[in-house]
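Open the model in your viewer and keep the selection tool ready. This tour goes stop by stop: select, look, move on.

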Amino acid sequence: MAMKNKEKKAIKAQESGFTLTEMLLSVAILGILFTVIPVLLLQMTKLQRQNEARIEIQREARVALDLVNRQLRQAQAASVTIDRVSNQPFCSRIQFTKEDGNSVNFHQNGTNLNMMVSGSTTTIAKNLLYMAFTYPATSDRALISVSLTTQKATYNQEVKNLQLSVEKVRLMND
């Protein structure tokens, strides 16, 4: 009887617990997981912020270009002036008078694109890097080219840029 109890205890001791090999394998798997998961989370965060920035600057740039395009089409060609505000990039301001008599002004002010209609200023884009108005053909003053570059910070000092152009906006009121 004493023999059977000793055998039962020996068998129980062999069945309970983990072997050294099992423990080492578990620690190695956990080590790999704890190394890979933070890298994956960091990459997912970076990708999410880049996508958010891309969506925001695309929306902002399209809205701004659409507004400039619609307003510019109503300009009287003889009233159009392209210049710049002090300390801003060249050709970054356009001023004109619409057929209804309202004066309109689009200009870059730092990272903002402002629209001024009859003295009232509205910011229409906040992530502006560069805005340019040019005449693509000097012989035709009723054609104006508009170019817009936006930029937004994404993650860890990185930025996302978007460059859009509206080529040859035709002024409807020569």
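**Before you start**

This is a predicted model, in which local features need pLDDT of at least 70 and side-chain atom pairs count only at pLDDT 80 or more, while totals for chains, interfaces and linings use all residues. Residues are numbered from 1 along each chain as its sequence is written, and side-chain values use heavy atoms, with hydrogens and water left out.

**Stop 1: the sheet**

Helices (H or I, at least four residues) and strands (E, at least two) are DSSP runs, numbered from the N terminus. Two strands pair if DSSP finds at least two bridges between them.

Show strands S1 to S5. These 5 strands form an open sheet in the order S1-S2-S3-S4-S5, with antiparallel pairing. Which strands stand at the edges? They are S1 and S5 (120–125). Each has a single partner strand, so one side of each is left without a neighbour in the sheet. From one strand to the next, the twist averages 20°.

Contact means heavy atoms within 4.5 Å.

**Stop 2: strand S3 and its partners**

Select S3, residues 103–109. Is S3 largely enclosed or left open? Buried means under 20% relative accessible area, exposed over 50%, partly exposed in between (1.4 Å probe, protein chains only). In S3, 5 of the 7 residues are buried, so the strand is largely enclosed by the rest of the structure.

S2 and S3 run antiparallel, joined by 5 bridges. Phe-96 has Val-104 of S3 as its bridge partner. Gln-95 has Asn-105 of S3. The hairpin of S2 and S3 has 5 residues between the strands, and Gly-101 there takes a positive phi near 95°.

Then look towards S4. Here 6 bridges join S3 to S4, again antiparallel. Val-104 stands opposite Val-117, and Gln-108 stands opposite Leu-113. This hairpin has 2 residues between the strands, and Gly-110 takes a positive phi near 70°.

**Stop 3: on to S5**

Select S4 and S5. They pair in the antiparallel sense over 5 bridges. Met-116 stands opposite Thr-121 in S5. Their hairpin has 2 residues between the strands, and Ser-118 in the turn has a positive phi of about 50°.

**Stop 4: two loop residues**

Select Gln-88. Gln-88 sits in the loop between S1 (81–83) and S2 (93–97). Is Gln-88 buried or exposed? Its relative accessibility is 13%, so Gln-88 counts as buried. Leaving aside neighbours within four places in sequence, Gln-88 is in contact with Gln-108, Asn-109 and Gly-110.

Next, select Thr-111, in the loop between S3 and S4. Thr-111 is partly exposed, with a relative accessible area of 47%. Beyond its neighbours within four places in sequence, Thr-111 is in contact with Ala-125, Lys-126, Asn-127 and Leu-128.

**Stop 5: the core**

A nonpolar core is a set of buried Ala, Val, Leu, Ile, Met, Phe, Trp, Tyr and Cys residues joined through side-chain atoms within 4.5 Å. The largest one has 30 residues, of which Leu-72, Phe-106 and Val-146 touch the most other members. Elements that give two or more residues to this core include H2, S6 (128–134), S7 (143–153) and S8 (159–170). The largest share, 7 residues, comes from H2.

Zoom in on Val-146. Among its contacts, leaving aside neighbours within four places in sequence, are Leu-65, Leu-72, Met-131, Phe-133 and Leu-164.

**Stop 6: charges over rings**

A charge sits over a ring if NZ of Lys or CZ of Arg is within 6 Å of the ring centre and within 35 degrees of the ring normal. Select Arg-84: it lies over the face of Phe-90, at 3.9 Å from the ring centre. Finish at Arg-141, which lies over the face of Tyr-135, at 3.9 Å from the ring centre.

Definitions and conventions. Axes are lines fitted to C-alpha atoms, for helices over the stretch in contact, and angles run from 0 to 180 degrees between N-to-C directions.
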